[in-house]
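Here's a quick briefing to read with the model open in your viewer. Have a look first, then we'll go through a few spots together.

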Amino acid sequence: MGKVAVITGTNSNLGLNIAYRFLEKVDFHEDVTLVVTSRTLPRVRECINMINRYHSQLERSGILQFDYLLVDFTDMVSVLSAYYELNKKYQEINYFFVNAAQGVYDGISWLGACKEILSDPIEGVTNPHYKIQRIGVKTDDGLGTVFQANVFGPYYLIQKLLPQLEKGNAVIVWISSLMSDPKYLDLEDMQLLKTDASYEGSKRLVDLLHLATYENLKARGIRQYLVQPGIFISKSFFKFLNVFTYFGMLFIFYVARWLGSSWHNISGYLAANAPIYVALADESLLKRQDIKYGSASTRNGREYLKNQEIDPTGKDQVLKYFKNMEDEWDLKLKDQIKNTRIAM
């Protein structure tokens, strides 16, 4: 069967570019099965067609096959069903990319955006505070929406798949964010229900969860890395932009990069540099797993990696909380599996 790679959120700009670059960098002769994930079948079809077209331009001798999962990480029954399907079909999984980036956005404070960008252009488009996020949004499972979608749902699926990941000597890649500062997470609000920065808080949770788990995974032959893609054009905010504000944002991103910001990759292709590097580089080149590998670029768009240290404060508390949540949902989900396969 060759190598099996699961990419969550494949239909996003970053997810697609992770798939493209993976096929570029994986061994020329290797057969590959890409497991495409999305919430809907039309998006799965669209992703597969796009990846297939890209692959047809590459001079690879290895065979590319596709599989898919319809999974919604804000629905724990859907998460369990995804495990059921993967467990049924694959004895080994070799790569698992956790590309979850859901937010509960309500728009943009344009006055705040103008003030931040005019006062400090680089900071204003690197660490923005003008994106309006709703507070207290829960899923039908009763969990914080962003907490469940970006962290707990993927974590729970990985825990279920550990036997397959172990057999595949897998590499797990968690996609964090440039904006995962400790200030965004209150350890007394682990589900991010009281904060107006739930997205950033979820990425801080990702950082701490990685620090708390990578050593135990390594003992099982699984390598886990933490990356962040820098700043790039994401589809998640298109609905809040018109043609003028979109190109205005794009212009400011290029200005920030020209002024010296190393994090403004702008393109999803450059943003996918760090995830693919850690997934496919020789282990001897990645001696540290306790840091975050960032996708960075020069003024003229030449890509490179930039490492960041991670503040470990709270990692044990986070792990304990997630372990308790895992046990709780094991009981709740007992005998609750539904079929996610729909004829394509």
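Which residue of β4 is the bridge partner of V6? That's F96. Keep in mind that this is a predicted model.

**Strand β4 and its neighbours**
- Strand β1 (residues 3–7) pairs with β4 in the parallel sense, over three bridges.
- β4 also pairs with strand β7 (residues 171–175), again in the parallel sense, this time over four bridges.
- For V98, the bridge partner in β7 is W174.
- Strand β4 (residues 95–98) is covered on both faces: Y95 and F97 are buried on one side, F96 and V98 on the other.
- In a regular strand, side chains alternate between the two faces of the sheet.

**Helices α1 and α11**
- Helix α1 (residues 13–25) packs against helix α11 (residues 273–280) at about 40 degrees, and the axes are 9 Å apart.
- Angles from 65 to 115 degrees would count as roughly perpendicular and those under 35 as roughly parallel, so α1 and α11 are oblique to each other.
- Their crossing is right-handed.
- α1 brings I18, R21, F22 and K25 to the contact, while α11 brings N273, P275, I276 and L280.
- Sorted by type, the residues of this contact are five nonpolar, one polar and two charged.

**L69**
- L69 sits in strand β3 (residues 64–70).
- Its relative accessible area is 3%, so L69 is buried.
- V35 is 34 residues away from L69 in sequence, but their C-alpha atoms are 7.0 Å apart.
- Leaving out residues up to four places away in sequence, L69 touches V35, V36, T37, S38, V44, A82, E85 and L86.

Definitions and conventions. Residues numbered from 1 in each chain as written. Predicted model: local features only at pLDDT ≥ 70, side-chain atom pairs only at ≥ 80, totals over all residues. Heavy atoms only, no water. Axes fitted to C-alpha atoms, helices over the stretch in contact; angles between N-to-C directions. Helix = DSSP H or I, 4+ residues; strand = E, 2+ residues; numbered from the N terminus. Parallel < 35°, antiparallel > 145°, perpendicular 65-115°, else oblique. Left-handed = near helix turned anticlockwise from the far one by under 90°. Contact = heavy atoms within 4.5 Å. Nonpolar A, V, L, I, M, F, W, Y, C, P; charged D, E, K, R; others polar. Buried < 20%, exposed > 50% of the residue type's maximum accessible area, 1.4 Å probe, protein only. Pairing = 2+ DSSP bridges.
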